[in-house]
Structures are given as structure tokens and as C-alpha cells.
Amino acid sequence: QVQLVESGGGLVQAGGSLRLSCAASGRTFSNSAMGWFRQAPGKERLFVAAISWSGGRTYYTDSVKGRFTISRDNAKNTVALQMNSLKPEDTAVYYCAAREIYCSECVYDSAPNYAYWGQGTQVTVSS
């Protein structure tokens, strides 16, 4: 079992930065692939970024490549999403997700692949 709590959301102007953090509890965090998703009002939940449990592999949706960076610290049971050059279209609730998997370099970009979800944190980017 993995429990996830996101933090770090807020209101920022276009071009600004935010750093989201996801704190995980549960003994299997270091064996979990992690992901960030986002959901805008009235829209479906979409993939943003993923990282393997080793931290050695990352994957991003095209719209955030070069702007967002996902990272993890297995010693602290945390995963972060550094978001730079934010745009109004990045406005959404951001969710952290985890999947227990014994594959050190696997990453997943589909929501059904993840068994555990946080409650979400709101990110609002003003123009």
C-alpha cells in the first residue's frame, strides 16, 4: 500500500515557476513507478510526467518537455515536479500517482496503470 499527499500548488503568473511535491508513505515506495497527471475543469485526467522507481528513466508528455522536470528521492519517499515557464493552459489540478512494480526502469503514461492516487493540488496560471 502507498499513500500519497501532494503539496506546492498555487497561483502564479505566466512564465513563472512552481515546484510540486508528493510525499509517499508505505513500505513499497522505492519499488513504485511514479507519475504526475493533471485535470482541468470539465476535461479528462491527462498524463504529465513519469519516473521509474530507480529514477533512471523519465517520460513526459510533449506539451511539457523542456519546461517540467520530474525527480524522486527514495530515501525521503518523495517525488517532485519542477514546473518552469508556466502557461495558462497548465492550469489544472495535479495528481501524484504510484504503481508498485518490480521493474526498475519501467514508466507508465496511462492512468489505469496506476493503483494509488493523491488528493490533488491546484495549479492556476494567470495570463
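Reply: Happy to. Glutamate 100 belongs to strand 9, which covers residues 92-100. Please keep in mind that this is a predicted model. With a relative accessible area of 31%, glutamate 100 counts as partly exposed, because that value falls between the 20% limit for buried and the 50% limit for exposed.

Now for its surroundings. Setting aside neighbours within four places in sequence, glutamate 100 is in contact with Gln1, Val2, Thr28, Asn31, Ser32 and Tyr116. With tyrosine 116 there is a polar contact between the side chains, at 3.0 Å. Tryptophan 53 is 47 residues away from glutamate 100 in sequence, yet the C-alpha to C-alpha separation is 8.9 Å.

Let us turn to the rings. The model has six aromatic pairs. One of them joins phenylalanine 37 and tyrosine 114 edge-to-face, with 5.4 Å from centre to centre and 80° between the planes. This pair connects distant parts of the chain: phenylalanine 37 is in strand 4 (residues 32-39), while tyrosine 114, 77 residues apart from it, is in the loop between strand 9 and strand 10 (116-117). Phenylalanine 37 and tyrosine 114 are both buried.

Tyrosine 114 also pairs with tyrosine 108: the ring centres are 6.4 Å apart and the planes meet at 90°, so this pair is edge-to-face. Tyrosine 108 is buried, as is tyrosine 114. Through ring pairs, Phe37, Phe47, Tyr59, Tyr108, Tyr114 and Trp117 are linked into a cluster.

The charged end of arginine 99 sits over the ring of tyrosine 108, 4.4 Å from its centre. Arginine 45 lies over the face of tryptophan 117, with 4.9 Å to the ring centre.

Finally, the cores. The largest nonpolar core contains 28 residues, and Leu4, Met34, Trp36, Leu81, Met83 and Tyr94 have the most contacts inside it. Two or more residues each come from strand 3 (18-25), strand 4, strand 5 (46-51), strand 7 (68-73), strand 8 (78-83), strand 9 and strand 11 (121-126). A second, separate core has nine residues, among them Phe37, Ala50, Ala97 and Ile101.

Note on methods: Residues are numbered from 1 along each chain as its sequence is written. This is a predicted model: local features need pLDDT of at least 70, side-chain atom pairs count only at pLDDT 80 or more; totals for chains, interfaces and linings use all residues. Side-chain values use heavy atoms; hydrogens and water are left out. Helices (H or I, at least four residues) and strands (E, at least two) are DSSP runs, numbered from the N terminus. Buried means under 20% relative accessible area, exposed over 50%, partly exposed in between (1.4 Å probe, protein chains only). Contact means heavy atoms within 4.5 Å. A polar contact is a pair of N or O atoms within 3.5 Å; within protein, one must be able to donate a hydrogen and the other to accept it, and residues adjacent in sequence count only if both atoms are side-chain atoms. Rings of Phe, Tyr and Trp (its six-membered ring) pair if their centres lie within 6.5 Å; planes under 30 degrees apart count as stacked, over 60 as edge-to-face and the rest as tilted. A charge sits over a ring if NZ of Lys or CZ of Arg is within 6 Å of the ring centre and within 35 degrees of the ring normal. A nonpolar core is a set of buried Ala, Val, Leu, Ile, Met, Phe, Trp, Tyr and Cys residues joined through side-chain atoms within 4.5 Å.
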